[in-house]
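Student: Could you take me through one residue of this protein up close, and then show me how it sits in the whole chain?

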Amino acid sequence: MSKKCYCYSGEPYATCCRPVHLGKIRPSPPHLMRARYAAYALGNVRFILQSERPNPPLLPKELTAKRRSLKEFCKKTQFLGLQILEEAMLDDRQATVTFRATLLQDGQDASFTEKSLFVLRNGRWFYVAAL
């Protein structure tokens, strides 16, 4: 039996977010949101950083600090659920995904709802920022 995906889609990880993490498919914004959540749950900091395009771009020192911070966040967080609440195309190169992430940190509820902005660059979607 296949392990369920860490994004809580109900699908097997092998056919849901794993192909995205391996770069085998180019996901839509909602699927990228799911793949990013699964990457956080797995501690896959490399994918998290590769799937985003902050504006302005991070300087090398900032990137090192962010990598360290992400590793720590992933270690101390339990990822208990993800719900995609809304998705919208703003134009042919920008989209938003609103989601609810259910998290626990040090036994405390750290759940949140966010509206995320995604941009299409060279045929691939990237996370830009929370709106």
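Tutor: Let's start with a cut-off: a residue is called buried when its relative accessible area is under 20%, and exposed when that is over 50%. Keep in mind that we're looking at a predicted model. The residue I'd pick is Cys 74, which sits in helix α4, a stretch covering residues 60-76. Is Cys 74 buried or exposed? Its relative accessibility is 9%, so Cys 74 counts as buried.

Now, what is Cys 74 in contact with, once you skip the neighbours within four places in sequence? The list is Tyr 40, Gly 43, Ile 48 and Phe 79. Val 45 is worth a look too: it is 29 residues away from Cys 74 along the chain, yet their C-alpha atoms are separated by 8.5 Å.

Stepping back, the protein has 4 helices and 5 strands. Reading from the N terminus, the order is α-α-α-α-β-β-β-β-β. Of the contacts between residues at least 6 apart in sequence, 44% join residues at least 24 apart. As for burial, 39% of the 131 residues fall in that class, Cys 74 being one of the buried ones.

And the overall form? The radius of gyration is 14 Å, which agrees with the value near 14 Å for a compact globule of 131 residues. Along the principal axes, the C-alpha trace spans about 40 × 35 × 25 Å.

Methods. Residues are numbered from 1 along each chain as its sequence is written. This is a predicted model: local features need pLDDT of at least 70, side-chain atom pairs count only at pLDDT 80 or more; totals for chains, interfaces and linings use all residues. Side-chain values use heavy atoms; hydrogens and water are left out. Helices (H or I, at least four residues) and strands (E, at least two) are DSSP runs, numbered from the N terminus. The radius of gyration is taken over C-alpha atoms; the globule rule is 2.2 Å times the number of residues to the power 0.38. Buried means under 20% relative accessible area, exposed over 50%, partly exposed in between (1.4 Å probe, protein chains only). Contact means heavy atoms within 4.5 Å.
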